[in-house]
Amino acid sequence: MLLKVVQRLLTSEHALVPQLARLVTTKWLLHFVRAALPASVVATAVRLVAVQCHRTGRAGHSGFASEFVRARGLAVLRAVLPHFCLDADVYYAVLALALGTDVRLIPEAPSFAVQELFATFKVDPLKLAMPGALPVFFDMLRQTFIVISRTATPPPVDAATSPRHQQQQHSQQGQQQQQAQAQVQKVQQYGTIHLFLYAGGRLF
């Protein structure tokens, strides 16, 4: 994948990295931050945003970070990334952006295990490298709980309907409850609650 190749080059010690960094613009990267794209593509694009934002130039700061904010890049992240609220790779990319973590520390297949989160983002003393990215992270968490609540709440049964229709509704409710349980198990497996507790403990 092109984005993966660009990420490897930008995080290498190659002499041409500064020239390549100038070609990776905010406008180009935001083309890959879309709800319709696979989560892996979006996560890699956000990692590249993190790489570019935390790159220090001769003046000791990244001009890309200022450009990204002016281009409303953070607003795009807040609008799009909640669609990937159950994807660990996207969460890790957002945390790397917010905390200034080297994206090379992110595992190839990250999980929401507390030990892995701590190993990747342990920063003492904790300092937000890009505070504007933090709302993106919490928007994603909020969307996760919205997804859980919607799937876990079955629709009410209308008592005025026919017995046959009520039976169909009961059957649909049973299926929805099974889906809701599967969704909750999935979220528990991803450890989103652990992620929330971890972030709360580290950031506040």
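Buried means under 20% relative accessible area, exposed over 50%, and partly exposed in between (1.4 Å probe, protein chains only).

I noted that this is a predicted model, in which local features need pLDDT of at least 70 and side-chain atom pairs count only at pLDDT 80 or more, while totals for chains, interfaces and linings use all residues. Residues are numbered from 1 along each chain as its sequence is written, and side-chain values use heavy atoms, with hydrogens and water left out.

**Leu77.** I listed the contacts (heavy atoms within 4.5 Å) of this residue. Not counting residues up to four places away in sequence, Leu77 touches Val33, Val46, Phe68, Pro82, Leu97 and Val136. In soluble globular proteins, nonpolar side chains tend to be buried together.

**Whole protein.** I counted 11 helices and 0 strands, taken as DSSP runs numbered from the N terminus (helices H or I, at least four residues; strands E, at least two). Of the 204 residues, 40% count as buried. Among contacts between residues at least 6 apart in sequence, 70% join residues at least 24 apart.

**Confidence.** I then looked up pLDDT, the predictor's confidence in each residue, from 0 to 100. The protein has a mean of 78, and 67% of its residues reach 70 or more. Confidence is highest in helix α4 (residues 39–53), at a mean of 95, and lowest in helix α11 (residues 192–203), at 51.

**Thr101.** I located Thr101 in the loop between α7 (88–99) and α8 (114–121). Is Thr101 buried or exposed? Thr101 counts as buried because its relative accessibility is 9%. Leaving aside neighbours within four places in sequence, Thr101 is in contact with Leu95, Ala96, Thr120 and Phe121.

**Thr25.** I placed Thr25 in the loop between α2 (17–23) and α3 (26–30). Thr25 has a relative accessibility of 29%, so Thr25 counts as partly exposed. Beyond four places in sequence, Thr25 touches Phe64 and Glu67. I also checked Gln52: Thr25 and Gln52 are 27 residues apart in sequence, and 8.8 Å apart in space from C-alpha to C-alpha.
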